[in-house]
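Let's take a walk through this protein together. Have a look at the sequence and the model, and then read on.

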Amino acid sequence: MKFFLDTANIAQIEEAASWGVLAGVTTNPTLYAREGGKLADFHAHIQRICAIVDGPVSAETVGLTRDEIVREGVELAALAPNVVVKVPVMVEGLAATRALFEKGIDVNMTLCFTVPQALMSARAGARYVSPFIGRFDDISEDGLEHLGNMIIALNNYDFGHPVEVIAASIRHNQHVVAASLMGADIATVPFNVLEKLVTHPLTDRGLESFLADWEKVKNS
Ligand code: G3P
């Protein structure tokens, strides 16, 4: 499993990149707004992220028609070689994804909640398919069960191009653990989850006792 950061926060991206495990970043309009982002700065902000991250950076379109989405997608893809155009799954989004695919532009199809949405995203040419987990949990459905079903369905077919599943809308470690056991290619996680993924109380306790014992060695 590869680890992506789900944020538009530059400091968090720089910090995670320094850990040596960051394989990509996903953003969306909400995450950019959370950083106080202005429309005029959007492209520059994406370019800044692309310069930090050695991997795909998803930047989302907001158009509602095929032509608007394609126009935005072409603009976004021109910002940096590692931009991936994030497109919501809907009829116009599928049509735009096909057009972007034919132009050689990678698409991350987002807001996937069902098996047919995931299959159609891949069929339209999406390079990445993003099932959301946590938002199912928010409405008392089992987001992981839906994720597992989408992975199984996608693995049943050859789409003629690479398709990777990005487990998204992740809220805690168990989402990541289960997604990895199900074979999700990527987990995109908020920074607070990424931090928690590194730690365990037994690791802390073990390190503490190793260091205490080393003090005895040094003083012997
Ligand atoms: O990449 C977008 C997705 O991860 C959104 O997560 O927490 O807003 O449901 P959330």
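## The big picture

The protein's secondary structure amounts to 11 helices and 8 strands. Helices here are DSSP runs of H or I with at least four residues, strands are runs of E with at least two, and both are numbered from the N terminus. Keep in mind that this is a predicted model, where local features need pLDDT of at least 70, side-chain atom pairs count only at pLDDT 80 or more, and totals for chains, interfaces and linings use all residues. Residues are numbered from 1 along each chain as its sequence is written, and side-chain values use heavy atoms, with hydrogens and water left out.

Along the principal axes, the C-alpha atoms fill a box of roughly 75 × 40 × 35 Å. Of the 220 residues, 47% are buried; that word means under 20% relative accessible area, while exposed means over 50% and partly exposed is in between, with a 1.4 Å probe and protein chains only. The accessible surface comes to about 11200 Å², and carbon and sulfur atoms hold 56% of it. Such areas come from the Shrake-Rupley method with a 1.4 Å probe, and for residues only the protein chains shown count as cover.

What about contacts (heavy atoms within 4.5 Å)? Among those with a separation of 6 or more, 58% are between residues 24 or more positions apart.

## Around the ligand

Which residues surround the ligand? They are Asp 6, Asn 28, Lys 86, Phe 132, Arg 135, Ala 168, Ser 169 and Arg 171, where being near takes a heavy atom within 4 Å.

On its own the ligand has 310 Å² of accessible area, and the protein covers 84% of that.

## Two positive phi angles

Ser 169 turns up again here, with a phi near 55°, a positive value in a residue other than glycine. You'll find Ser 169 in the loop between β7 (164-167) and α9 (173-182). Is Ser 169 buried or exposed? It counts as buried, because its relative accessibility is 9%.

Leu 111 has a positive phi too, near 65°. This residue sits in strand β5 (residues 107-112) and is partly exposed, at 30% relative accessible area.

## Inside and outside

Ala 8 lies in the loop between β1 (2-6) and α1. With 2% relative accessibility, Ala 8 counts as buried. Leaving out residues up to four places away in sequence, Ala 8 touches Ile 13, Thr 27, Leu 31, Tyr 32, Glu 35, His 45 and Ile 49.

Now for Ile 152, which is in helix α8 (residues 143-155). Ile 152 counts as exposed because its relative accessibility is 53%. Its C-alpha atom is 12 Å from that of Pro 116, 36 residues apart along the chain.

Definitions and conventions
Contact = heavy atoms within 4.5 Å.
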